[in-house]
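Reader: Before I use the labels attached to this model, I would like to know what each one rests on. Please go through them one by one.

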Amino acid sequence: AAQIAVRLNHIHPDGASTRITYGVLNLAHRIGFDKTAPLVPGEVFDVNFSMDHIAYRVPAGHKIRVSISSSYWPLIWPSPEAACLTLRAGSIDIPMRPSGNSDECHFHGPETDLPWQVEELRPASNSRKAIKDMKTGITTIEVIDDFGSVRDCHHGLVSGSIAREWWSIHPEDPLSAEAKTHWSTENRRGKWSVRTETFAKMTSDKENFFLEARLEAYEGEKLVFEKEITDRVPRDNR
């Protein structure tokens, strides 16, 4: 089993790299997503796939670069064992528009109604961190998105949510991959308030994915409903 990730990047004059688009493929499903064809070490085979469609303009004097890798954590879950891929040949087809520096289409401004009036109670914020445990060697990507809290000026409903994600892996052990999430959602008005707390976790071994999830529902500070789910999904060359 092995994967391939191809990225088309915009290289700026100062060396900075901006991803334009990308494509990924589980090579064991190279003949169809509904078909499995395990790889044979040493065998040469052709692979064709598309990157996500996008319209993008690269300024004169800038460069583009194709980057290829056998993993792309945490965008795709790693194969059970690290793979070594050898590229014998390759090509990439990038369609070019004839318009050059001019726009081919012009659109009228959109017709919109007045925006719904809300009062901001907690501003939205987000953070992205890469945390390395110096003892274990595990690296964790922490993603925190606080979508803020607002009060509807028409009927007074307060709503808000926070999404938290942790993606952990040891760079030399694909089976150490672990994904955890914790989402909070609240609604309240006057003395009435409800919120949900949802937790999820995913790990794997060579044969299976393991899933755990928990839902907690509160009215005020009282827990009124809870549910836990565990499941196991065969990897099937994934």
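Reader: Which residue stands opposite Arg 7?

Author: The model is a predicted one. In it, Arg 7 faces Tyr 22, a residue of β2.

Reader: Why are β2 and β3 called edge strands?

Author: The open sheet has 3 strands in the order β2-β1-β3, with antiparallel pairing. β2 (17-26) and β3 (63-69) each pair on one side only, and that makes them the edges. From one strand to the next, the twist averages 15°.

Reader: What makes the largest nonpolar core a core, and which residues are in it?

Author: A core of this kind is a set of buried nonpolar residues joined through side-chain atoms within 4.5 Å. The largest has 8 residues: Ala 2, Ile 4, Val 6, Leu 8, Ile 20, Leu 25, Leu 27 and Met 51. β1 and β2 are the elements that give two or more residues to this core. β1 gives the most, with 3 residues.

Reader: How do you know whether strand β5 is buried or lies in the open?

Author: A residue is buried if its relative accessible area is under 20%. Strand β5 covers residues 125-132, and of these 8 residues the number buried is 0, so the strand lies largely in the open.

Reader: How many bridges join β5 to β6, and in which sense?

Author: β5 and strand β6 (residues 139-152) pair over 8 bridges in the antiparallel sense.

Reader: What lines the second largest pocket, and which residues lie nearest its centre?

Author: The lining has 16 residues, and Ser 71, Pro 78, Ile 169, Pro 171 and Pro 174 are those nearest the centre. β7 (158-170) and β8 (173-189) are the elements that give two or more residues to this lining. The space in the pocket is about 260 Å³.

Reader: How many residues of each class does that lining have?

Author: The lining of the second largest pocket has 7 nonpolar, 6 polar and 3 charged residues. Pro counts as nonpolar, so Pro 78, Pro 171 and Pro 174, which lie nearest the centre, belong to the nonpolar class.

Note on methods: Residues numbered from 1 in each chain as written. Predicted model: local features only at pLDDT ≥ 70, side-chain atom pairs only at ≥ 80, totals over all residues. Heavy atoms only, no water. 1 Å grid on protein atoms, 1.4 Å probe; cavity = no way out; pocket = protein on both sides within 12 Å on 5 of 7 lines; lining within 4 Å. Points joined across faces, edges and corners; volume = space filled by probe spheres on them. Helix = DSSP H or I, 4+ residues; strand = E, 2+ residues; numbered from the N terminus. Buried < 20%, exposed > 50% of the residue type's maximum accessible area, 1.4 Å probe, protein only. Pairing = 2+ DSSP bridges. Axes fitted to C-alpha atoms, helices over the stretch in contact; angles between N-to-C directions.
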